[in-house]
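Q: I've got a model open and I'd like to walk through it. Can we take it piece by piece?
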Amino acid sequence: MSGTADQTAEDKASKNWPPNIQAVFKRMAPASRYLGLEIIDADQAARTVEVAFNAGPELCNMWGGIQGGMVAAMLDDVMSLAVGLDLEWGQISPTLELKVSMLNAARPGRIIGRGRVIKRGKSVGFIEGELLAEDGTLLATGSSTATFVTLKRKEKPAE
């Protein structure tokens, strides 16, 4: 992937991002904001994404590690962004199934997430993801299955 974490916000905003990544820049989901999501790069042709999570202490359990559900949520975000690279405006890719393997304790700080589409069909996609500490230690891996849904336009009420 070609992007770097130290790109300026202006550089990121001017890049020709796929619609799902543009949507994150326009209005990030509250859960993604809570996790500290930052888009680093997206390669639509390769169907890969790279992100960072700036994980704060509010994500931790009482022993100082990031709570497992938060790790799973990070992986879900990463994989959802990857599979969503082919979507058009008005489409979403809800997760149908999610499997997470915790390999090392995740700690507060910058966590790198990478996601890639393994296979995409007409109605479902299969995705893999990983989370790494800044030093490259593999923290967790995941796989998921997502479906593709076109949202219906809301009708304007008659006046």
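Q: Is isoleucine 111 buried or exposed?
A: Isoleucine 111 is buried, because its relative accessible area is 2%. Buried means under 20% relative accessible area, exposed means over 50%, and partly exposed is in between (1.4 Å probe, protein chains only).

Q: Where is isoleucine 111?
A: Isoleucine 111 sits in strand E5, residues 109-120. Strands (E, at least two residues) and helices (H or I, at least four) are DSSP runs, numbered from the N terminus.

Q: What does isoleucine 111 touch?
A: Skipping residues up to four places away in sequence, isoleucine 111 touches Val51, Ala52, Phe53, Ala55, Ile66, Met74, Ala106, Leu131, Leu132 and Leu139. Contact means heavy atoms within 4.5 Å.

Q: What is the mean pLDDT of the chain?
A: The mean is 89, and 91% of the residues reach 70 or more. pLDDT is the predictor's confidence in each residue, from 0 to 100.

Q: Where is the pLDDT below 50?
A: Residues 1-7 are below 50. Beyond near neighbours in sequence, that stretch has 14 contacts in the model. Where pLDDT is low, the predicted coordinates should not be read in detail.

Q: New topic: helix H4. Which of its residues are buried?
A: The buried residues of H4 are Val71, Ala72, Met74, Leu75, Asp77, Val78, Met79, Leu81, Ala82 and Val83.

Q: What span should H4 have?
A: H4 covers residues 68-83, so its 16 residues should span 22 Å at 1.5 Å a residue. The expected span is 1.5 Å times one less than the number of residues. The end C-alpha atoms of H4 are 23 Å apart, which agrees.

Q: What happens at the start of H4?
A: A side-chain oxygen of glutamine 67 comes within 2.7 Å of the backbone nitrogen of glycine 69.

Q: And what do the buried residues of H2 pack against?
A: They pack against strand E1 (37-43) and H4. The buried residues of H2 (residues 19-26) are Pro19, Asn20, Ile21 and Val24.

Q: How about serine 93: buried or exposed?
A: Serine 93 is buried, because its relative accessible area is 12%. Serine 93 lies in the loop between strand E3 (91-92) and strand E4 (95-102). Leaving aside neighbours within four places in sequence, its contacts are Ser80, Val83, Gly84, Leu87, Ala146, Thr147 and Phe148.

Q: What sits over the ring of phenylalanine 148?
A: The charged end of arginine 120 does, 3.8 Å from the ring centre. The rule takes NZ of Lys or CZ of Arg within 6 Å of the ring centre and within 35 degrees of the ring normal.

Q: Last one: what does the side chain of glutamine 91 reach?
A: That side chain reaches the backbone nitrogen of glutamate 88 at 2.8 Å. A polar contact of 3.4 Å also joins the side chains of glutamine 91 and threonine 150. A polar contact is a pair of N or O atoms within 3.5 Å; within protein, one must be able to donate a hydrogen and the other to accept it, and residues adjacent in sequence count only if both atoms are side-chain atoms.

How values were computed: Residues numbered from 1 in each chain as written. Predicted model: local features only at pLDDT ≥ 70, side-chain atom pairs only at ≥ 80, totals over all residues. Heavy atoms only, no water.
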